[in-house]
Amino acid sequence: MNPLLSPDSPELAETDFALLAHYAKHLGRANKATRFTLKNGERRSNQKGHGMEMLELRQYQPSDDLRHIDWRVTARTGHAHTRVYSQENDHQRLLFLGLSQTAYFSTRHTFISTRLSQLAGIIAWRSEQQGDKLSYRFVFGNESHEQNNKQSIHQLLSHLTTATQVKNRQHEPSTACWHRSAITNKAHNRDVIILTDKQSWSEQEQLSLWQLAKHNRVHWVQVFDYHAFELPPGEYRFADANGSKTLQVTKKSTAQAKKDFFDDNARLRKKLATIGIHHQLFDINESPEKIAKYLLDQGALR
């Protein structure tokens, strides 16, 4: 069995995430990445260039662009000074991971929480390999980890390792992964990827999501377990944060659960579409590498 598709345990080690670098490196190239236009005539470029946000004002250096000399300061001080700008056309990516209690479950391969964490790891490695800037926020259990323009991929992978631990299903996150976040408020002209099993949220969380989608290209990736709707009738024992319990599964109950899920998902898709968010639903039997390739073709990765 493919260890990427079906790891030995849903609780991954940092070495498992380190191995994802290989898959990230061999994703290939996008067939034809969809470019994002914020306004007519304003396009995201594949090339790096100078942005509009000034980082500092310093004395001129031989390698500086003459167009960025601040002539007023130069005249006042008698020494050439240069305005240094951030490279807003650098590929800047914002990654959100939000795992509910129910994400720590699946009937085959691995847990949904593990699959989404694997995907987050591939995205992080791909960004690292391409020299792209990556900010992230991970919310699971009673933990929340946030980093703007991460300094070390090893710290990020450590957080993902913690995210796969089954103990996290003892607590339901108190907020959506994109809500009440400094990096959400500052995000502009970025590729945003939201990885979550969440299907509903509050009005305040919806407002935060709308603000995020207003200024960025947002991709929403959801993973579910279709096989859970095909369990043979019988008695099953399930364990969660509240302990274990026995459930009687019938054809009628599985059919109703399937209908409820896809009805909710249709409403979710429509809700996201109204604010311009691309939603994609993947089954747990899809490998994280395949899902990453989808993101590559959509222009969310490069």
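Residues are numbered from 1 along each chain as its sequence is written, and side-chain values use heavy atoms, with hydrogens and water left out. As the model is predicted, local features need pLDDT of at least 70 and side-chain atom pairs count only at pLDDT 80 or more, while totals for chains, interfaces and linings use all residues.

The protein chain has 9 helices and 12 strands (DSSP runs numbered from the N terminus: helices are H or I, at least four residues, and strands E, at least two). Of its 302 residues, 47% count as buried, meaning under 20% relative accessible area with a 1.4 Å probe, protein chains only.

Now for the inside. A nonpolar core here is a set of buried Ala, Val, Leu, Ile, Met, Phe, Trp, Tyr and Cys residues joined through side-chain atoms within 4.5 Å. The largest one holds 44 residues, and Leu95, Leu195 and Leu295 touch the most other members. Helix 4 gives the most to this core, with 8 residues. Look at Leu295: beyond neighbours within four places in sequence, its contacts (heavy atoms within 4.5 Å) are Leu119, Ile123, Ile193, His219, Val221, Ala300 and Leu301. Apart from that core lies another of 20 residues, including Val139 and Trp201.

Finally, helix 5. Because 8 of the 11 residues in 153-163 are buried, helix 5 is largely enclosed by the rest of the structure. Among the buried ones are Ile153, Leu156 and His159. The cover over them includes helix 1 (14-18), helix 4 (112-130) and strand 6 (133-140).

Note on methods: Buried < 20%, exposed > 50% of the residue type's maximum accessible area, 1.4 Å probe, protein only.
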